[in-house]
Amino acid sequence: MSASIVSISSLSREQLSGKRVLVRVDFNVPMDSNQAITDDSRIRAALPSINFLTQNGARVIIMSHLGQPKSPSPEFSLRPVAKWLADLVSVPVHFAPDTVGPLARQLVDQLGAGEILLLENVRFCPGEILNDPQFSRDLASLGDIFVQDAFGTAHRAHASTAGVAAFLPSYAGFLIEKELQFLDHAVRHPKRPFVAIIGGSKVSGKLAVLRHLLGKVDVLIVGGAMTYTFLKAQGHSVGKSLVEPDRLEDALRFLNDAKSSATKVVLPVDHVVVTEFKADAYSVVVDGNELDADHIGLDIGPKTISLVTHEIQFAQTVLWNGPLGVFEMDAFSKGTFAVAEALANSDALTIVGGGDSAAAIAKCGLTADMTHISTGGGASLEFLEGKVLPGISALERVHV
Ligand code: ADP
Ligand code: MG
């Protein structure tokens, strides 16, 4: 981790005992229409920091957002999350029905050492997304120490993710520390060969990542729907596959820049195609890169799978972002799942970013076999584009 960011692991029991520790986590969990939580992995991901703090006698005050409410509304209340959290920890969990108001203040004052108070949704307050200094000050006044552990929102400069850090001694939680270790340190100082596999649906969303990785990775494999913008830019016929016409020039420029870089760029060499985009459509494999006028490419073909798995075999570090086909439909999931298996069987450091990529790995039950799967979709993408994340750079101004 960057020298000027300090981890909570450096905080001693003396420094934490009885102290009010304000922790920003990402409890933006999916819920059904009855407000029942359908996936609690984000809550579980925050437990190492929360448990460390309670075990060291801190009074833990948790902040999070849930959804994108513009004003207070019951369906975006964090109350159900407080109940859920109470079942996952062994200490009392209280809930504050307001965020920085008199009730919250009173509950903070009453909070015992080693206990937890979850504040109501920070986005109920307009100052949150405006990163309003007064709201940041109000939040900061509830704590003695700030811990940032919400990697999923670290790319947003909001009051609870960044603003509050200006007013309190600030530390990175374990989740942020782990993300930095893999997305930052491992990418900047990789064990080589370093292979990146970048797929997904849109070139426009991934071009910045591709550019950032050029010259840094030894091999850059491009897959997914993005392939067809690149192939079309090279003059191939791609039929009715997904193409972003306004990115053809960018794609060609990227391929030209790649020629004079240290990175070998690999494009697919065969394709699983259909003439109708539906799950049970009749599909065939096209060898080579010339598709018929009515073909839609939905997955990489067997030769490309061999090419990718071959590169993985020799790699020491692999970074993967973006599925290589429409993995949501069984008929077009082979490429993505083959890559997931190859990564699971590899001794390389395997780092995965992107919500759909993580979902694809979970779908084939290989989550535990990856070295690191990032918890932040947008945040990990911005990180891999080389951008500075406000919620992380704010921690560099440490007041100790
Ligand atoms: P991530 O969330 O991992 O960053 P993206 O959001 O960039 O990934 O892309 C995931 C989507 O890309 C998936 O829904 C998948 O169906 C789609 N996709 C992959 N290959 C193709 C293709 N050949 N044609 C159309 N969509 C594709
Ligand atoms: Mg996605």
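## Contact between H8 and H10

Contact here means heavy atoms within 4.5 Å. In this predicted model, Leu 207, Leu 210 and Arg 211 of H8 meet Asp 250, Arg 253, Phe 254 and Asp 257 of H10. The residues of this contact divide into three nonpolar, no polar and four charged.

Helix H8 spans residues 203-213 and helix H10 residues 248-259, and their axes come within 11 Å and cross at roughly 15°. Because angles under 35 degrees count as roughly parallel, H8 and H10 are described as roughly parallel to each other. H8 passes H10 in a left-handed crossing.

## Packing of H11 against H12

Helix H11 (residues 302-314) packs on helix H12 (residues 334-344) at an angle of about 20°, with the axes 10 Å apart. That angle makes H11 roughly parallel to H12, and H11 passes H12 in a right-handed crossing.

On the H11 side the contact involves Ile 305, Val 308, Thr 309 and Ile 312, which meet Lys 334, Gly 335, Ala 338, Val 339, Ala 342 and Leu 343 of H12. By class, the residues of the contact of H11 with H12 comprise seven nonpolar, two polar and one charged.

## Packing of H2 against H3

For H2 and helix H3 (residues 79-88), the packing angle is about 60° and the axes lie 11 Å apart. The two helices, H2 and H3, are therefore oblique to each other, and their crossing is right-handed.

The contact is made by Ile 43, Arg 44, Leu 47 and Ile 50 from H2, together with Val 81, Trp 84, Leu 85 and Leu 88 from H3. The residues of the contact of H2 with H3 divide into seven nonpolar, no polar and one charged.

## The largest pocket

The largest pocket has a volume of about 690 Å³. It is lined by 24 residues, of which Ser 41, Ala 358, Ile 373, Ser 374 and Thr 375 are the closest to its centre. The elements that each give two or more residues to this lining are helix H2 (41-55), helix H7 (174-188), helix H13 (355-363), strand E15 (372-373) and helix H14 (377-384).

In composition, the lining of the largest pocket divides into seven nonpolar, twelve polar and five charged residues.

Notes. Residues numbered from 1 in each chain as written. Chains lettered and ligands numbered in written order. Predicted model: local features only at pLDDT ≥ 70, side-chain atom pairs only at ≥ 80, totals over all residues. Heavy atoms only, no water. Axes fitted to C-alpha atoms, helices over the stretch in contact; angles between N-to-C directions. Helix = DSSP H or I, 4+ residues; strand = E, 2+ residues; numbered from the N terminus. Parallel < 35°, antiparallel > 145°, perpendicular 65-115°, else oblique. Left-handed = near helix turned anticlockwise from the far one by under 90°. Nonpolar A, V, L, I, M, F, W, Y, C, P; charged D, E, K, R; others polar. 1 Å grid on protein atoms, 1.4 Å probe; cavity = no way out; pocket = protein on both sides within 12 Å on 5 of 7 lines; lining within 4 Å. Points joined across faces, edges and corners; volume = space filled by probe spheres on them.
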